Amino acid sequence: INRCEVLMAAWPKARAGNYFKHCSSTFYGHDLPAYQDEMDTLLLNNDMEGFPTTCGGRSDHGARLCPCAYRYPNTKATFHTVFSVESKQYFEWQSRYNVFWHKQVGQPGKITRLLSMGGAWPTNKSPHPVGDHLMKEVPTHVAPKYDPRIDQYTAYNKPLAITHWLQNTKVEEDVIIINDPDCAYVGKIETPVEEGEPIANQGYYTFKDPNSVEMQIAKHYCRGACKHFDPIAVPVIIHRRDLERLAPLWLKYTEDIRKDREGPNQWPIEWNDNRYTTNRIEWVAEMFGYVIAAAHLDLRHEIADLQMVPSVQRRLDPSVPIIHFHVRMETADHKTWQKGQERAGQEFPWPIAPGTDEVTARMLVALHDAFTALGNTERFTKGLWDSYNGEWENPEQARRMLLSAAGFDGRAADALLALPPSA
């Protein structure tokens with residue numbers, strides 16, 4: 001159907017009454033080919049390989065040639081949402097609020113916080129035996145942290161925690177929804193997926209340009225084993241058995257990428273420079289690890305609109321179930337909020353100024369609802385902030401790591417460890 005004569009047969013005339021004589025071939029997207037009413041133009045999809053037409057792809061101003069087939073709900077499908085965190089003040093309110101939002105919208109299935117705490121993978125594979133103070137309030141699986149003495153890149157913990165969860169618990173649900181802790185449910189995800197048919201949101205990057213930094217990275221680490229790369233973002237909806245195969249590879253490829261941060265195979269400068277790419281490999285190695293692992297397994301994702309981002313999308317779409325609040329938000333009266341600020345879970349613009357865009361307003365309502373229902377976090381009430389000598393960590397192990405990083409080893413470290421923490 002991606003042919004001009006087909007589109008002209010479906011929409012022969014423009015608004016002015018004259019017959020269309022050509023189609024534009026300068027655009028691509030999951031919502032094309034289509035008639036674009038705002039431009040009054042017939043649009044072909046000039047990159048069907050990189051952006052295949054999908055039912056999830058849609059535009060407010062595009063009329064599709066063929067309506068998508070109705071996807072009959074799999075009434076037997078079961079769902080399980082997971083998100084990965086560490087035991088820190090930064091994640092505490094996000095963890096509690098995530099559970100609240102999951103329940104508030106009536107999202108089917110369970111939700112589990114994957115808590116990376118204790119241990120030092122791969123040398124010490126035992127996670128913290130107790131977990132933190134949220135264990136009774138937030139459904140949690142405790143997984144070991146990746147050893148920071150090998151690499152202090154904390155994003156290892158996401159594929160590691162998912163792998164540990166799948167391998168050490170009896171996960172019975174068919175469909176796993178992978179979210180980030182800064183994703184708020186504002187609607188339900190009830191789309192069942194079969195094996196080999198994951199669904200994900202479109203990422204903010206593409207593999208359209210064969211010479212792009214993103215394509216260079218993907219091809220380099222997949223070493224000829226991959227036919228395609230899907231530019232995906234959270235949420236990811238994936239069958240449990242697919243994730244069981246993918247998660248260990250996700251961790252492996254993340255390790256492969258990070259090993260080249262130094263040494264003879266060190267990354268080219270362009271891969272880690274914002275002048276050439278927004279995806280500096282130093283930080284997004286884990287993202288590429290997932291993309292390459294999926295490509296290695298020949299898993300192709302259907303791209304769907306699953307998240308809205310404040311300031312990027314301004315109009316609320318009731319069919320989109322997630323707000324991804326990873327950006328700075330601003331209200332109509334110029335009050336701002338972002339998740340990393342101190343007391344972010346307790347202090348946010350309220351009441352909402354008239355004229356604030358719909359997505360920002362809905363996110364602020366979600367924050368207000370959760371805070372009103374749950375109140376201050378326990379650590380916030382106690383005035384406890386994260387530290388290496390916090391009540392939930394191993395003080396001696398943490399202090400030894402700090403001393404080692406500062407160049408104190410052996411007897412010098414032992415002597416300093418004999419001193420009280422205050423010293």
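Two strands count as paired if DSSP finds at least two bridges between them. With that in hand, welcome to this structure, a predicted model in which local features need pLDDT of at least 70 and side-chain atom pairs count only at pLDDT 80 or more, while totals for chains, interfaces and linings use all residues. Residues are numbered from 1 along each chain as its sequence is written, and side-chain values use heavy atoms, leaving out hydrogens and water. Helices (H or I, at least four residues) and strands (E, at least two) are DSSP runs, numbered from the N terminus.

**Strand pairing around β9**

- In β11, Ile303 is the bridge partner of Ala200.
- Strand β9 (residues 199-202) and strand β11 (residues 302-304) pair in the parallel sense, over three bridges.
- Strand β10 (residues 232-239) runs antiparallel to β9, and four bridges join the two.
- Opposite Ile199 you will find Ile237 in β10.

- Helix α2 (residues 89-104) packs on helix α7 (residues 358-374) at an angle of about 100 degrees, with the axes 10 Å apart; axes are lines fitted to C-alpha atoms, for helices over the stretch in contact, and angles run from 0 to 180 degrees between N-to-C directions.
- That angle makes α2 roughly perpendicular to α7, a label for 65 to 115 degrees, with angles under 35 counting as roughly parallel, over 145 as roughly antiparallel and the rest as oblique.
- The contact (heavy atoms within 4.5 Å) includes Trp93, Tyr97 and Phe100 from α2, and Met363, Leu367 and Phe371 from α7.
- Its residues divide into eleven nonpolar, one polar and two charged; Ala, Val, Leu, Ile, Met, Phe, Trp, Tyr, Cys and Pro count as nonpolar, Asp, Glu, Lys and Arg as charged, and the others, Gly among them, as polar.

**Cysteines and disulfides**

- A search of the whole structure finds two disulfides, each a pair of cysteine sulfur atoms within 2.5 Å.
- One joins Cys4 to Cys23, with an S to S distance of 2.2 Å.
- Cys4 lies in helix α1 (residues 4-10) and Cys23 in the loop between α1 and β1 (34-36), so this pair ties together parts that are 19 residues apart in sequence.
- The torsion about the S-S bond of Cys4 and Cys23 is about 90 degrees, so the disulfide is right-handed.
- Cys4 counts as buried at 17% relative accessibility, and so does Cys23 at 12%; buried means under 20% relative accessible area, exposed over 50%, and partly exposed in between (1.4 Å probe, protein chains only).
- Another disulfide joins Cys222 to Cys226, S to S 1.4 Å, and both of these cysteines are buried.
- Cys183 is buried too, with a relative accessible area of 0%.
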